[in-house]
Amino acid sequence: MARLVGHPADRGRVGRPASVEFAEVVRRRRMVRNYDADRPVPAEVVDRLLGYAVHAPSAGFSQGWEFLLLDDAESRDRFWAVTTTPGEVDGWLEGMSRAPVIVVAHSHRDAYLDRYAEPDKGWTDRDEARWPVPYWHIDTGMASLLILLGAVDEGLGACFFGVPPDRIPAYRAAFDVPEAYMPIGAITIGYRAEDRRSPSLKRGRREQPMVTHRGRWGG
Ligand SMILES: Cc1cc2nc3c(=O)[nH]c(=O)nc-3n(C[C@H](O)[C@H](O)[C@H](O)COP(=O)(O)O)c2cc1C
């Protein structure tokens, strides 16, 4: 924190307690899998959420993310038709398909390879081996988290979920998504309806002390 002291933007901020509102948004965030189908999300709220996404950090400020917004019945139905198994409607799909808004988040690897080939970075070989961790997926995940947190702040529910790998070609075809863009996941957004707790939560949260290694791994 010492390095922050003295920065004009931080004057009067250092030493004050963290924002209660922020802590509350983080604490309240959870994946919501059922929505009020009769309550649309105002367009300006959706714009705000997408606006938060583009404030995510990105390696080299590459910003290699693109979002497909599906907020009309025809495109939402098409999304569910191509990403799920025909005839297999379960409680998950019933609840999720009531969401009035779906945002599909795509990562764009080439934006990073191009950016890092620029003179200030100089990786002109564009070798993917330089990227043991694909930052294009990470950054798009960070942008997605801002949408999830923003939804809580707006009084909405949201759920990030994967597009099954075998469905990706059909998804691309249905929405003209070029091969260069990978759908890392989709986010349903809407006003919350009663939903079932995810069975995964039985695993329990791995609390901070269990996952923090101080000074040395295993220490
Ligand atoms: C990368 C990622 C993929 C996920 N995929 C799915 C999914 O396909 N379906 C689903 O219902 N939830 C999915 N989730 C939500 C997780 O199940 C959920 O975050 C986890 O159980 C913790 O619950 P919470 O987010 O409500 O605290 C995914 C979450 C992440 C971060």
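Where in the protein is the place of Asn34?

Tutor: Asn34 sits in the loop between α1 and α2. This is a predicted model in which local features need pLDDT of at least 70 and side-chain atom pairs count only at pLDDT 80 or more, while totals for chains, interfaces and linings use all residues. Residues are numbered from 1 along each chain as its sequence is written, and side-chain values use heavy atoms, with hydrogens and water left out.

Helix α1 covers residues 20–28, and α2 covers 43–53. Helices here are DSSP runs of H or I with at least four residues, strands are runs of E with at least two, and both are numbered from the N terminus. With a relative accessible area of 13%, Asn34 is buried; that class means under 20%, exposed means over 50% and partly exposed lies in between, with a 1.4 Å probe and protein chains only. The side chain of Asn34 makes a polar contact of 2.8 Å with that of Arg98. Such a contact is a pair of N or O atoms within 3.5 Å; within protein, one must be able to donate a hydrogen and the other to accept it, and residues adjacent in sequence count only if both atoms are side-chain atoms.

The ligand is the next stop. Its surrounding residues, those with a heavy atom within 4 Å of it, are Arg29, Arg30, Met31, Arg33, Trp92, Phe160, Phe161, Gly162, Ser200 and Leu201. This shell holds five nonpolar, two polar and three charged residues. In that scheme Ala, Val, Leu, Ile, Met, Phe, Trp, Tyr, Cys and Pro are nonpolar, Asp, Glu, Lys and Arg are charged, and the others, Gly among them, are polar. Arg33 places a polar side-chain atom 2.7 Å from an oxygen atom of the ligand. For Trp92, a polar side-chain atom is 2.8 Å from a ligand oxygen, and for Met31 a polar backbone atom is 2.8 Å from one. On its own the ligand exposes 620 Å², of which the protein buries 59%; these areas come from the Shrake-Rupley method with a 1.4 Å probe.

The largest pocket contains about 500 Å³ of space. Among its 14 lining residues, Arg29, Arg30, Ser200, Leu201 and Arg205 are the closest to its centre. A pocket is an open set of points, on a 1 Å grid over the protein atoms alone, where a 1.4 Å probe fits and protein lies on both sides within 12 Å along at least five of seven lines; lining residues have an atom within 4 Å of a point. Its volume is the space filled by probe spheres set on the points, which are joined across faces, edges and corners. The lining divides into two nonpolar, three polar and nine charged residues.

Back in α1, Val25 counts as buried at 10% relative accessibility. A polar side-chain atom of Ser58 is 3.3 Å from the backbone nitrogen of Ser62. Gln63, in the loop between α2 and β1, is partly exposed at 32%. Its phi is positive, about 55°, although Gln63 is not a glycine. Most residues other than glycine have a negative phi.
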